[in-house]
Amino acid sequence: MKDPHTPTPPYSTLPHSVVGQRVPKLDAMDKATGRAEYGHDLHLPGMLVGKILYARIPHARILSIDVSRARKLPGVKAVITGADNPIRKFGYGMDNTPIKGDKVRCYRDEVAAVAAIDEDTAEEALDLIKVEYEPLPNLFDPASALAEGAPLVHEDKQSNLFTRYDYSHGDAERAFDSADVIVESDYELPYVTHSAMETSFCLASFDLQGRLTLWSTTQIPFLLQRDLSEALGVPGRDIRVIQPAIGGAFGRGLDVYPFEPIAALLAKAASKPVRVAFTREEEFMASAVRQPARVHMRTGAKRDGTLWVRDARMLLDAGAYISWGAVTPLVMMETVASLYRIPHAKFVADVAYTNNPPTGAMRGYGNPQSTFFVETQMDMVAEKLGMDPVEFRLLNANRPNEETLQGLKITSCGLKECITEVAERIGWERRSQVAGYTAQSQSPISNLQSPLRRGIGIACTLNVGGGARIYRSDGCGATVKVDDFGRVVLVSGSTEIGQGSETALAQIVAESLGVRIDDVSVINSDTSIKPWDVGTHASRTTFIAGNAAWIAAKDARRQIFDAAAQMLQVPADTLESRDRIIRTKDGTKSIAFDKVVRSMHYREGGSVVIGNGWYDPPTKLVDKDTYKGNISAAYGFGAQAVEVEVDIETGKVRVLKIVAAHDVGRAINPMYVEGQIEGGVQMGVGYALTEELLVREGRVLNPTFLDYRVPTALDMPQIETVIVETADPEGPFGAKGVGEMGGTPTAPAIANAIYNAIGVRLTQVPMTGERVLKAIRENQ
C-alpha cells in the first residue's frame with residue numbers, strides 16, 4: 001500500500017528495473033551448496049584450540065590458581081590466568097577484564113584459558129586447573145542489590161546502581177488527576193537468548209611484526225578494533241578484523257566479550273593461531289542475553305478516547321558487567337513516550353548490578369519488552385472506555401510529518417495503514433463472534449462441550465528506521481569501482497549477518513548505475529579494505545549503508561555520464577542508463593555502458609572509475625539530561641493481528657494466524673523484507689509462548705535446545721505479510737529499516753488475543769500452558 005501524499009524521490013525518469021525486485025541473495029548458492037565459509041570452517045596452519053575455564057561460584061575472591069599440571073600436559077601450548085596479564089578494563093561499561101585475577105562476579109567469569117593441539121587435550125587441561133575461592137555474599141535480585149547496605153558487586157563503585165533513566169514530558173502526575181479512565185498492571189519479563197544457528201567464534205593470529213588479525217562473528221568490526229586495543233594494549237592500527245560468513249547474530253555481536261581478547265592472549269602466548277568456538281552450552285551460559293525487567297505501568301485516557309498519559313517504572317537486571325543491555329531503556333522510553341500521540345509521559349528505569357549473567361543487545365533492543373506492556377494496556381484502556389481496540393489505536397495513531405513531544409521527527413508514517421490492513425485481513429469484524437467460541441460449534445462458552453476457545457488480538461510498534469545515533473557518528477562509507485567490462489564492485493563498510501543487506505545494497509547500486517544485479521559484487525568483510533562503519537544494529541544497514549552506496553554510485557555515474565556525454569556529443573543531464581545501455585532521455589542516441597568505461601581508461605589523461613560515498617544521517621545524540629532529541633532520520637511503524645486458540649483444560653495456546661503489516665518506506669527487495677518480518681514474527685512467537693532462559697541463583701538451568709524452547713517451523717502459524725510503502729524522503733529510493741520491528745508487536749498481539757478468547761489478562765511472558773492455566777483458575 002503506497003501513501004499517495006509522499007512522492008518518490010526523482011532518482012530516475014525510468015521505472016525501477018532492479019530496486020523493488022525479488023532478487024535472490026548474492027550468497028544464496030554458496031549457502032545452499034555448502035560453499036560458504038563460516039568461522040567454524042576456518043583452519044590456519046598450526047592452529048590451536050582455545051578453551052576457557054569459567055568460575056564455579058557466582059561471587060568470590062580468587063585465593064589461588066594452580067595451573068602447573070595443565071602446563072605439563074602433552075599437547076598444551078599455552079595456559080593463561082589473570083596473573084599473567086595486566087589488568088585492562090574494556091567493554092561498554094569499562095568494568096570487565098579478559099581474565100579475572102582477583103575476584104569473580106558471576107558463573108560466566110573467565111579465570112583461566114588454555115591453548116592445545118586439539119579439543120580433547122584442551123578440555124583435559126581445564127580439568128587439571130585448581131582454583132581456590134573465598135565465597136562472598138551473593139546478589140541475585142536487583143531490588144536486593146539496590147537495598148541500603150547491600151554488598152557491592154564492584155568495590156570501586158559507590159553502589160550497585162549503574163544508572164537511572166528519568167524521562168518526562170508534559171505533567172504525568174497531574175494528567176492522571178484529569179484522566180477519565182486509568183489502568184495499571186505489573187509485568188514480569190524474562191531472560192531470553194539469541195539462539196543464533198552459529199555459536200560465537202573467533203580466531204586470532206599475530207604476524208611477525210606483532211600485528212593481530214582476528215576473524216570474528218562481530219557486528220561492529222571497526223569498534224571491535226578499538227575495544228580490542230583497550231583490552232590488549234595493542235594499537236588499533238595493528239588490529240585487523242575479518243568477518244567470515246556469519247550464521248546469525250541478532251545483537252549478540254554488538255560488544256566485545258572476554259573470549260575475543262582471550263583468543264588473542266592465547267595466540268600471543270603460544271605464538272600460534274588460536275581458535276575459540278563456543279559449544280552450544282557455552283553459548284547459553286557465556287553470551288550476553290536479553291535483560292529481564294520488572295515493570296509497573298499506568299495508562300490514562302479521556303472519555304472521548306484521547307490517549308492522555310503513561311507512567312512506566314522499571315527495574316532492570318544488568319548482571320555482573322555492563323554491556324549494551326544497560327542502554328535499552330533509551331528504546332523502551334521511546335515506546336512509552338512516542339508510540340501514538342500522547343501529551344503526558346513519565347519513564348523511570350533503574351539498572352542494577354547483580355551476580356547474574358551479563359545482559360546485552362538483542363533484536364528489538366528493549367522494544368519487545370516495552371511494546372508488550374504498552375500495547376496490552378492499550379487494549380485494557382480501550383475496554384474500559386468501551387471502545388474497539390482498532391478504533392482506539394486509529395484515533396491516537398502517529399501521523400506523517402509531525403514531531404513527538406520526545407523530539408522524534410516523524411517524516412513518513414504508515415501506522416494507520418498498517419492497522420487498517422491487519423484488521424481487514426484477520427477479519428476483525430469477526431472478533432466479537434469468535435471471542436470465546438470454538439471453531440467446531442461457534443457456541444457460547446457457557447454451552448460449550450469443547451475446551452477450545454478462539455480469540456483475536458492486535459498490537460502496534462514504533463521502531464527507528466533511519467539509523468540510531470548512539471555514538472557520535474552514525475555514518476557509513478562506501479566505494480563503487482567499475483572496470484573495463486562493466487563489472488561493478490561495491491566496497492561497503494556495512495556488515496552482512498545473514499539478513500540479506502549486501503543484496504539490497506547491490507540492488508541500489510545496480511539501479512543507480514543502470515546495470516544488472518549480476519554485474520555487481522560486494523566486498524564488506526575486512527577492515528583493512530572496506531571503509532569505516534559504526535556497525536550493524538538498530539535496523540540501520542539498508543538506510544545508512546544504502547544511502548552511502550547510492551552516493552558512491554551516483555559519484556561513479558557522474559564520471560561515466562560525463563564521458564558518455566562527450567562521446568555522444570550531448571549534455572550529461574540529458575542521459576540516463578538502464579540494462580547496461582546509456583541513452584538520451586528522448587531515445588535518439590545510445591552507447592554501451594562498458595564501452596564508455598573502457599574509453600575512460602584508453603585515452604590520454606584517462607582515469608579509473610571510482611565513486612566514493614559517505615552518509616551520516618541528520619540526527620543528534622539525545623540530550624543526556626532530558627533524553628529528548630531526534631535519534632533517527634526515519635521511523636518505521638507496524639501492526640500485527642493474531643488469531644489464537646486456547647485450551648482451557650491445559651492452558652496451551654495455539655496461534656492460528658498472524659497478519660503482519662509494516663511500513664518499510666520502500667521495499668528494495670520485497671522477498672527479504674518479508675523474510676525479515678517473518679523471522680521477527682518467529683522470534684516474537686517464541687518470546688510470547690515458549691522462550692525463557694531460566695536463571696536461578698546466577699546459574700543457567702536450561703542451556704540446551706532440548707530445554708530452551710525455540711519455535712520450529714512446525715510450531716509456526718500461517719503468516720500473512722503486508723508491505724506498506726510510504727517512500728521516506730531521506731531513505732535510499734524511499735527505503736526505511738525493517739530488521740527488528742517484525743518481532744516487537746507479536747507477543748502483545750498474542751496476549752490481547754488470549755484475553756479476547758478467555759477473558760484472562762497475562763502480564764508475564766512466556767505465556768506457557770502452565771501460566772495460562774494458573775491464570776484461568778485464579779480468575780474463576
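Hi everyone, let me start with a residue pair: V482 has V488 in β20 as its bridge partner. The model is predicted, with local features needing pLDDT of at least 70 and side-chain atom pairs counting only at pLDDT 80 or more, while totals for chains, interfaces and linings use all residues. Residues are numbered from 1 along each chain as its sequence is written, and side-chain values use heavy atoms, leaving out hydrogens and water.

Helices (H or I, at least four residues) and strands (E, at least two) are DSSP runs, numbered from the N terminus. Strands β19 (residues 476–482) and β20 (residues 488–492) run antiparallel, joined by 5 bridges; pairing takes at least two DSSP bridges between two strands.

Now the whole sheet: it is open, with 4 strands in the order β21-β20-β19-β25 and mixed pairing. β21 (520–523) and β25 (609–615) are at the edges with a single partner strand each, so one side of each has no neighbour in the sheet. On average, neighbouring strands here are turned by 20° against each other, direction ignored.

What lies across β19, β20 and β25? That is helix α15 (residues 541–568), running at about 145° to β25. Angles run from 0 to 180 degrees between N-to-C directions, and axes are lines fitted to C-alpha atoms, for helices over the stretch in contact; contact means heavy atoms within 4.5 Å.

Last, the helix pair: α10 (residues 367–385) and α18 (residues 746–758) pack at about 35°, axes 8 Å apart. In α10, T371, F372, E375, T376, D379 and E383 meet A747, P748, A751, N752 and Y755 of α18. Thanks, all!
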